[in-house]
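Here is a briefing on one protein chain. Please keep the structure in view while reading.

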Amino acid sequence: MKTTHKITAAILPLVMGYAGTYIYQFNLGKKQEASLIQSSDVQLPAALIGKDVLVSFDKMQKLYQDAAILGDSELSDLANEQGTATKENLAKLSIMDGLRGTRKDQINDILIRLKTISPKAETVYGQLAEGEFSDELMEESKDLNERLTKLRKDIDDLGAQLATDIQEQLSEVRSDTAKSRQLNGILFVVVIVGSITILFWVIS
């Protein structure tokens with residue numbers, strides 16, 4: 001075999017290897033870029049909104065309790081405002097694209113339950129704030145408190161999961177980066193070994 005044919009036959013696999021690696025690295029880079037964009041544009045804002053949801057819900061719940069205990073209707077009105085803020089933030093979350101797993105289902109479930117509870121809470125706690133007390137009203141208040149406590153736990157769990165989603169997505173990027181470094185190391189070894197092999201083959 002002619003020397004030029006030997007060189008061509010030996011170099012061709014290396015060129016193909018480089019080309020394949022370049023394509024892999026390019027696709028990996030695009031994937032990492034998309035993941036980082038999603039983290040900054042979707043996952044992070046969602047986690048922050050999730051925290052706002054919990055804060056406004058806690059304020060709502062405490063204001064309702066204080067309104068009932070102190071007999072202050074203004075506190076009841078403030079609680080209603082916090083309830084509205086909670087629903088608005090949940091609505092923002094529900095229309096966000098790119099949320100992981102079943103997050104949208106969780107958000108919609110919480111939003112529907114809060115919308116169902118809110119009118120009853122406004123009425124019951126409003127009456128308590130006005131100084132109205134009866135066995136029926138106290139029973140309704142107890143039932144509302146239990147439902148709100150359960151809802152609060154679900155909101156807290158949702159916020160924790162939204163925060164975990166960011167960590168998982170960034171972990172995937174780090175994992176892909178590590179794989180990329182490993183591939184570069186393997187390619188380096190292959191090139192060195194291939195170059196030495198070509199050199200000896202051409203000389204022989």
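The points below cover confidence, helices, the nonpolar core and charged pairs.

This is a predicted model. The chain averages a pLDDT of 83, and 82% of the residues score at least 70. The structure holds eleven salt bridges. The largest nonpolar core has 36 residues.

**Confidence by element**

- Mean pLDDT is highest in α2, at 94.
- The lowest mean among the elements of the chain belongs to α1, at 78.

**Helix α2**

- Helix α2 covers residues 73–94, which is 22 residues.
- At 1.5 Å a residue, α2 should span 32 Å; the end C-alpha atoms are 32 Å apart, so the two values agree.
- Asp72 caps the N-terminal end of α2. One of its side-chain oxygens lies 2.9 Å from the backbone nitrogen of Glu74.
- Buried residues of α2 include Leu75, Ala79, Gly83, Leu90 and Leu93.

**Nonpolar core**

- Leu93 and Tyr125 have the most contacts inside the largest nonpolar core, which has 36 residues.
- Helices α1, α2, α3 and α4 each supply at least two residues of this core.
- The largest share comes from α1, with twelve residues.
- What does Leu93 touch beyond its neighbours within four places in sequence? Leu93 is in contact with Ala46, Ile49, Gly50, Val53, Leu99, Ile107 and Leu162.

**Salt bridges between helices**

- Side chains of opposite charge can pair when their charged atoms come close.
- Asp58 and Arg152 form a salt bridge, at 2.9 Å from N to O.
- Asp58 lies in helix α1 (residues 3–70) and Arg152 in helix α4 (residues 135–203), so this pair ties together parts that are 94 residues apart in sequence.
- Both partners are partly exposed: Asp58 has 28% relative accessibility, and Arg152 has 27%.
- Arg113 and Asp154 form another salt bridge, with the closest N and O atoms 2.8 Å apart.
- Arg113 sits in helix α3 (residues 103–129) and Asp154 in helix α4, so the pair links parts that are 41 residues apart in sequence.
- Asp154 is buried, with a relative accessible area of 16%.

- Asp156 and Arg152 both lie in helix α4. They are four residues apart, about one turn of the helix.
- Asp156 counts as partly exposed, at 34% relative accessibility.
- Which residues do shared partners join into one network? Salt bridges connect Asp109, Arg113, Lys150 and Asp154 in this way.

- Leu183 is found in helix α4.
- Its relative accessibility is 26%, so Leu183 counts as partly exposed.
- Leu183 touches Thr21 and Tyr24, leaving out residues up to four places away in sequence.
- Leu183 and Tyr24 are 159 residues apart in sequence. In space, their C-alpha atoms are 9.7 Å apart.

Key
Residues are numbered from 1 along each chain as its sequence is written. This is a predicted model: local features need pLDDT of at least 70, side-chain atom pairs count only at pLDDT 80 or more; totals for chains, interfaces and linings use all residues. Side-chain values use heavy atoms; hydrogens and water are left out. A salt bridge is a side-chain nitrogen of Lys or Arg within 4 Å of a carboxyl oxygen of Asp or Glu. Buried means under 20% relative accessible area, exposed over 50%, partly exposed in between (1.4 Å probe, protein chains only). The expected span of a helix is 1.5 Å times one less than its number of residues. A polar contact is a pair of N or O atoms within 3.5 Å; within protein, one must be able to donate a hydrogen and the other to accept it, and residues adjacent in sequence count only if both atoms are side-chain atoms. pLDDT is the predictor's confidence in each residue, from 0 to 100. A nonpolar core is a set of buried Ala, Val, Leu, Ile, Met, Phe, Trp, Tyr and Cys residues joined through side-chain atoms within 4.5 Å. Contact means heavy atoms within 4.5 Å.
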